[in-house]
Each structure stands twice: as structure tokens, then as C-alpha cells.
Amino acid sequence: MTISYRAATSADAAALDKIFDTSFCDTFAHLYSAENLNAFLSSFGIADWEAQLGDPAYAFRIAEVEGEPVAFVKLGPLKIPVETKRPAILLDQLYVLKDHQGAGIAQPLMDWALDEARARGAEEMYLTVFVENHRARRFYDRYGFEAVGRYDFMVGNHADEDIIMRKTL
């Protein structure tokens with residue numbers, strides 16, 4: 001299996017959308033009503049991905065297996081309710097398709113995200129993770145993230161309890 005990593009471009013908008021929707025549904029769809037899930041998934045589409053891919057405030061890295069996109073990480077502006085006096089960035093999304101989880105794809109994406117955050121002058125990185133997403137929480141714990149608060153992550157009109165985590169860079 002050949003895994004490669006590269007910067008995502010606007011041409012990757014549909015692939016990112018597919019990875020996000022598929023990964024989110026594989027992991028969380030059972031938690032929501034069809035109405036809430038559909039409202040959430042339809043609230044952000046290909047045009048939104050294209051806009052973020054063209055915005056220098058965001059940074060994306062995509063992983064491919066045999067040339068097919070299977071995972072990505074996205075960094076962006078801090079948009080969660082935290083107070084910091086230090087330059088900070090948000091690890092906004094890190095998704096790996098289910099069939100490729102455990103293959104070592106997430107680690108290089110996270111390593112790139114940390115390096116990119118430092119290169120952008122960030123001294124802290126924040127993220128949110130669902131309280132019951134134990135696999136992701138263990139992954140972030142291994143990287144030294146610490147819980148610093150809670151956050152209501154909205155899926156339609158359903159509020160999930162997320163943990164806000166921070167890492168000093």
C-alpha cells in the first residue's frame with residue numbers, strides 16, 4: 001500500500017467533502033435523527049470547501065492511498081469559545097476513512113499540522129472532540145493535548161458535548 005501526502009487544492013473540494021461526510025456518518029450517524037444529520041451535512045458543501053481551500057487562513061493536507069484520497073487534516077482560525085493571550089490555531093478537522101484507520105495515516109497528518117501551526121506562528125493548538133469518541137481522544141492524548149473545557153457541537157438542533165483540548169506548541 002502506497003500512502004502519499006500533499007497539500008490540498010481547490011480541485012480537492014469534492015474529495016474532502018466525501019471524506020468528511022463518509023467519516024462523520026460512519027462514526028456518528030447513529031447518534032442523530034435523519035433530519036438533524038441531513039441539516040448538518042447539507043450546511044457545508046463543495047463551494048464552502050472551495051472557499052476555505054482558497055483562504056490563506058486555512059491549511060489542508062490530504063492523504064492518498066494508491067492515488068485515492070482517504071484522509072485529511074484542516075487547520076483554521078480559532079472559532080471556539082476559548083480565551084488565550086497567545087497566538088493560537090484550531091485543528092478544525094482530522095478525518096480518516098474507516099477502512100484506512102489504524103494504518104498509520106493519521107500520525108503524519110498530525111505531525112504536519114503541528115509543524116504547520118508552528119510555522120504560522122501559533123503557540124497553542126486547540127481542537128474539540130466528542131466526549132464519547134474514545135479513539136480520537138486517545139490519539140490526541142498521545143500528542144499531549146489536555147482538556148481545558150467543554151463545547152456544544154451542533155448537529156442540526158442536537159447539541160453534542162465536546163471536550164475542548166489544547167496543546168502548547
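Helices (H or I, at least four residues) and strands (E, at least two) are DSSP runs, numbered from the N terminus.

## Basis

This is a predicted model, in which local features need pLDDT of at least 70, side-chain atom pairs count only at pLDDT 80 or more, and totals for chains, interfaces and linings use all residues. Residues are numbered from 1 along each chain as its sequence is written, and side-chain values use heavy atoms, with hydrogens and water left out.

## Aromatic pairs

A pair of aromatic rings is described by the distance of the centres and the angle of the planes. Rings of Phe, Tyr and Trp (its six-membered ring) pair if their centres lie within 6.5 Å; planes under 30 degrees apart count as stacked, over 60 as edge-to-face and the rest as tilted. The count by this rule is 16 aromatic pairs. F24 and F28 are separated by about one helical turn because they sit four residues apart in helix α1 (residues 13-28).

Burial is set by relative accessible area (buried under 20%, exposed over 50%, partly exposed in between; 1.4 Å probe, protein chains only). F24 is buried at 2%. F28 is buried too, at 10%. The F139 and Y143 rings are also tilted, with centres 5.1 Å apart and planes at 50 degrees. Both F139 and Y143 are buried. One aromatic cluster is formed by F20, F24, F28, Y32, F40, F44, W49, F60, F72, Y95, F130 and F153.

## Helix α3

W49, Q52 and L53 are the buried residues of helix α3 (residues 46-53). They line one face of the helix, because they fall within an arc of 100 degrees seen down the axis of α3. That arc is taken over the directions from the helix axis to the C-beta atoms. The buried residues of α3 pack against α1, β2 (59-65), β3 (68-76) and β4 (88-96). Contact here means heavy atoms within 4.5 Å.

## Salt bridges

A salt bridge is a side-chain nitrogen of Lys or Arg within 4 Å of a carboxyl oxygen of Asp or Glu. The count by this rule is 11 salt bridges. K74 and D92 form one, at 3.4 Å from N to O. K74 lies in strand β3 and D92 in strand β4, so the pair ties together parts that are 18 residues apart in sequence. Both K74 and D92 are buried.

R118 pairs with D115, the closest N and O atoms being 3.4 Å apart. Both lie in helix α4 (residues 106-119), three residues apart, about one turn of the helix. R118 is partly exposed at 40% relative accessibility. Within it, R6 meets D12 at 2.8 Å, N to O. R6 is partly exposed, at 27%, whereas D12 is buried at 7%.

## K167

K167 is found in strand β7 (residues 158-168). K167 is buried yet has no salt bridge; the nearest side chain of opposite charge, D111, is 9.0 Å away. For charge, Lys and Arg count as positive and Asp and Glu as negative, while His and the chain ends are not counted. A polar atom of the K167 side chain lies 2.7 Å from the backbone oxygen of Y143. Not counting residues up to four places away in sequence, K167 touches L114, E123, E124, M125, Y143, G144 and F145.

Notes
Polar contact = N/O pair within 3.5 Å; in protein donor to acceptor, adjacent residues only side chain to side chain.
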